Amino acid sequence: MSNIKIQKLTKRYGDMLALNDVSLTIESGEFLILLGPSGCGKTTLLRCIAGLETPDEGQIIIGDKVVFCSEKNIFISPGERNLGMVFQSYALWPHMTVRENMKFGLDVMKMPVQQADKRLAKVLTDLGMSELQDRYPSELSGGQQQRVALGRLLAAEPAVFLMDEPLSNLDARLRMDMRVELKKFQASTGSTTVYVTHDQTEAMTMATRVVVMKNGNIQQVSPPTQLYKNPQNTFVADFIGMPRINLLSAKRPKGAGSVFTNGDIELDIGWCPDQNEIIIGARPEDLAICKATKHKSSNFAVSSVLPNGPEVIVQLIGGSTSLLARVNHDVNLQQGELMEISFDKKALNIYDAETGQLINRPEG
Amino acid sequence: METLLIRSDFLTKTLKDPVNLLLIALLTVLSYLILWPFFELILQTITWGDGDRRLSRAAIPGEHTWFHWLQVTASPLSSKILYEPLINTLKTGLISTVLALLAGGMLAWCVVRSDIPGKNWLQPILTLPYIVPSFAIALAWESLFRSPKVGGQPGLYQALFDLSPPEWLSYGTFPISVTLAIHYFPFAYLLVCGALATIDSQMEESALISGASRMMILRRVTFPVVAPAFAAAFILTFGKTIGQFALPFLLGAPTQFHTVATMVYATLALGLDSMAYVLAIVLIVMSLMAIWLSNRYVGKKSGRFETISGKGFRNRQVSLGSWRWPIFLGVALFAFVVGILPLLLLGYQSLMLFDGFFDLSNFTLHFWIGESDPEIAMGEPGVLHNHNIVGAVWNTLELAFLSAVIASLIGLLIAYIVVRKPNNHLAKLLDQVSFIPFLFPSIAFGAMYLTMFAEPNGPIPALYGTFTLLVLISVVNRLPYSVKTGVTAITQIGKELEEAAEVAGASWRHRFQKIVIPLASSGALTGMMVSFVGVMRELSLIILLITPSTRVLMSVGFNYAEEGLTQLSHALVLIVAVLTIIGELILWWAGKSKFVRLREKET
């Protein structure tokens, strides 16, 4: 078990800045997930930790060993960093059997045969692969190949697990099962795990902490629940959550303290930020809708209704504003019906319209 | 100061990587073996040589001169040395290319797009003429149409019709063009087959639906799409014909008909070395121009016409209707005449006691199993007892084996560097340098090595006359092909497979041995076999470098043919032909039963 300290890491590809002055500490035993759209630098960061890429500047410390430092010109090769990696394509060696694939790392370590046999037997049993150990990778299903990749990592018993979108090649159902299994293995070995994915459900369900990245910069580092409830900026707010969050640019009409409007809807957010121009973030489930009555008219009409199992996603349009609401499946709505909208004030996140950063709500 | 520090860091880091070290080493060696001989060749043509004193009193060995260039291009000799051969080269090259393309194109269409029967066995027979040495076809032609008017014994034509064949049929433009076409049409055939196979017949069907007639479809859709491949095939085939030496020599030299390639040999035989080198440069320039043209005009166009294969790709077969069997008979007859008949003729000729007498009583196995008999063939014993030939067999196999193995390994290493370092300028340079031998017509390449290694060269002793030199030139000559097969093999090995081993702590050497070589081996082995066969039938490349002690089957066969010992030369070339066919059969068989698990793609 080791923690990982990443300090001021920068990596350029020509003019492209893949990592921009990234600092991050990964605690020992943590399951940390790097999340972001493609090209955000998450895989580059992982490969820098692995030693498969050489950063341009900064420092990486694994446990108490400096594995990379641009100032002191230190670069420890991947094999000496005591880590294991699962690749997106699994990278199983097609000319070796399941067993040979798992044994390769032990041979490199020059582990005595008896000890290696014992360890392989345990890993193979744990993964339920004992009967398939003499097969070649091409004779296995996708899920089984995934297990071999995992077994190759487990056999070497590294202090750090690195995983690069390991589940992205599996079908949806198998992916669910493997998530549970991966989490179980991680917990039982207690190894520090860094895991890259672009699938937010994966990140939310498995991670102890999630790092959201964009254009080589870290946007937010939080446990999954907090990430969902309090996104630190509009990018994270927009990126996390399906269906997407409602982001409304709103201004404060003169004199009105906590009331803001975007022209189509007027909203009392319940407190008074310093800024006059803000972006209001409201998750679809933070909206409540009911049919408009005569004395409380509304200009928001139902434009589409998307049933999704236990819930229904409703799109409402009023003027030039479009809103998504998540409501219970038993509501019966017709297209074109006018709806009255109310917000859960406590759940709203308020962002500075200029910077896009979260404006902290005063305590109490 | 600071930049200096960073630079030295960069340097030490670069040098620590074994792949970089290898890159620099390979680049140095290949520059020495490929670029330097070319400069040396040019240098020789503009410098007085030791032997030049008998040509001109003004000669001062070592001094600069344009004498050789002037002699070749603007002297009373030039029409004999340069212009006539040049015209002959262009004439035979163009005619043979047109013939080869016509035959190859039509056959390709029949085999790929029509419902002609017997495709499975027609295809291998149709490629036979390209597999056997071109020399074999020339010998077969000669055995048919040899004319006592020019010298030697009568051929089969005269024996059958009892009148001597006209000279144009025996020697010169016509036979050279036709035999070159026979040798190269399979090459054009394979190129056009590849292009035709990529046509999605839905393209034609949509034209059919819009009301176009069959001829119109062929003219407006099919042909324009394959046209770039046709043009490429034309230029590449032409480029290949001009470097041919043995075939035009056999069918031209008896009547003083020379091409540039045979003139290189003839002037060297006369001791006019520097003029031979000028001619070699002329050949190289012609070949460069052909390749340049094909890249410039065809490369771009074919990219534009690249058909996208994938979903819904179908290759519909055209029904020949009642023409099916007549066309089949025609194709089969053609395949027999060009693929099998020449080999039968060679075998037949090697069994005749007295050359040119086509009578059953004249048959003998003497030239295969006979002991030395002073009455027959100047006392040369038959193939099995002939030390000259048995030694040549071993030399041939050794040369082919060593060259194939070394070329494949170096090709694999170069391919590895080229694929794994896509942004490295030196790696790109290495790729380009290793391709250059493809641009040298083989006899010109031989001439280069002759100038380069005739004398000690720095730390390298004079290699002329050694077996090492033959291996060296064969390896370098095969490099463009072996790098190409290597690149295909390495590209299929995902980078992650190696990274996974790197994370596990395996060193570069360990990774290369345990991951790269096993995974590339099936592709590299195929490449090795192709090289083996290729080196075995090679003559033009090494003819200038061979000495009696380093003789190979092809060179001994050539010498016998020059001396008029027809039966022995026929027997030898037949042996080479059979060996190459066996090699191709092994390849064909290996291609079918390749390890399925290695080729299967990851899900």
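**Figure 1. Polar contacts across the interface of chain B and chain A in the predicted model.** Five residue pairs, both members at pLDDT 80 or more, are found in polar contact across this interface. On the side of chain B that touches chain A, at least two residues each come from α1 (2-16), α21 (495-503), α22 (508-536) and α25 (596-599) of chain B. The largest share is that of α21(B), which gives seven residues to this side. Sorted by class, the side of chain B that touches chain A comprises ten nonpolar, three polar and nine charged residues.

**Figure 2. Extent of the contact between chain B and chain A.** In this view, 22 residues of chain B are in contact with 26 residues of chain A. The size of an interface is often given as the accessible area lost when the parts come together. For chain B and chain A, the buried area is about 2200 Å², and carbon and sulfur atoms account for 61% of that area.

**Figure 3. The salt bridge between B:E499 and A:R47.** Side chains of opposite charge can pair when their charged atoms come close. Over all chains the count is 22 salt bridges, and between chain B and chain A the count is one. In that pair, the closest N and O atoms of B:E499 and A:R47 are 2.5 Å apart. The pair joins two chains, because B:E499 belongs to helix α21 of chain B and A:R47 to helix α1 (residues 42-50) of chain A.

**Figure 4. Crossing of helices α18 and α20 in chain B.** The axis of α18 (residues 425-435) of chain B comes within 7 Å of the axis of α20 (residues 467-491) of chain B, and the two cross at roughly 130 degrees. The angle therefore makes α18(B) oblique to α20(B). On α18(B), the residues of the contact are B:D431, B:S434 and B:F435, which meet B:L479, B:P480 and B:V483 of α20(B). By class, the contact of α18(B) with α20(B) consists of four nonpolar residues, one polar residue and one charged residue.

**Figure 5. The cis peptide bond between A:M242 and A:P243.** The peptide bond joining A:M242 to A:P243 is cis, with omega of about -5 degrees. A:P243 is located in the loop that lies between α8 (234-239) and β12 (246-251) of chain A.

Methods
Residues are numbered from 1 along each chain as its sequence is written. Chains are lettered from A and ligands numbered from 1 in the order in which they are written. This is a predicted model: local features need pLDDT of at least 70, side-chain atom pairs count only at pLDDT 80 or more; totals for chains, interfaces and linings use all residues. Side-chain values use heavy atoms; hydrogens and water are left out. Contact means heavy atoms within 4.5 Å. Buried area is the accessible area (1.4 Å probe) that two parts lose on being put together, summed over both. A salt bridge is a side-chain nitrogen of Lys or Arg within 4 Å of a carboxyl oxygen of Asp or Glu. A polar contact is a pair of N or O atoms within 3.5 Å; within protein, one must be able to donate a hydrogen and the other to accept it, and residues adjacent in sequence count only if both atoms are side-chain atoms. Helices (H or I, at least four residues) and strands (E, at least two) are DSSP runs, numbered from the N terminus. Ala, Val, Leu, Ile, Met, Phe, Trp, Tyr, Cys and Pro count as nonpolar, Asp, Glu, Lys and Arg as charged, and the others, Gly among them, as polar. Axes are lines fitted to C-alpha atoms, for helices over the stretch in contact, and angles run from 0 to 180 degrees between N-to-C directions. Angles under 35 degrees count as roughly parallel, over 145 as roughly antiparallel, 65 to 115 as roughly perpendicular and the rest as oblique.
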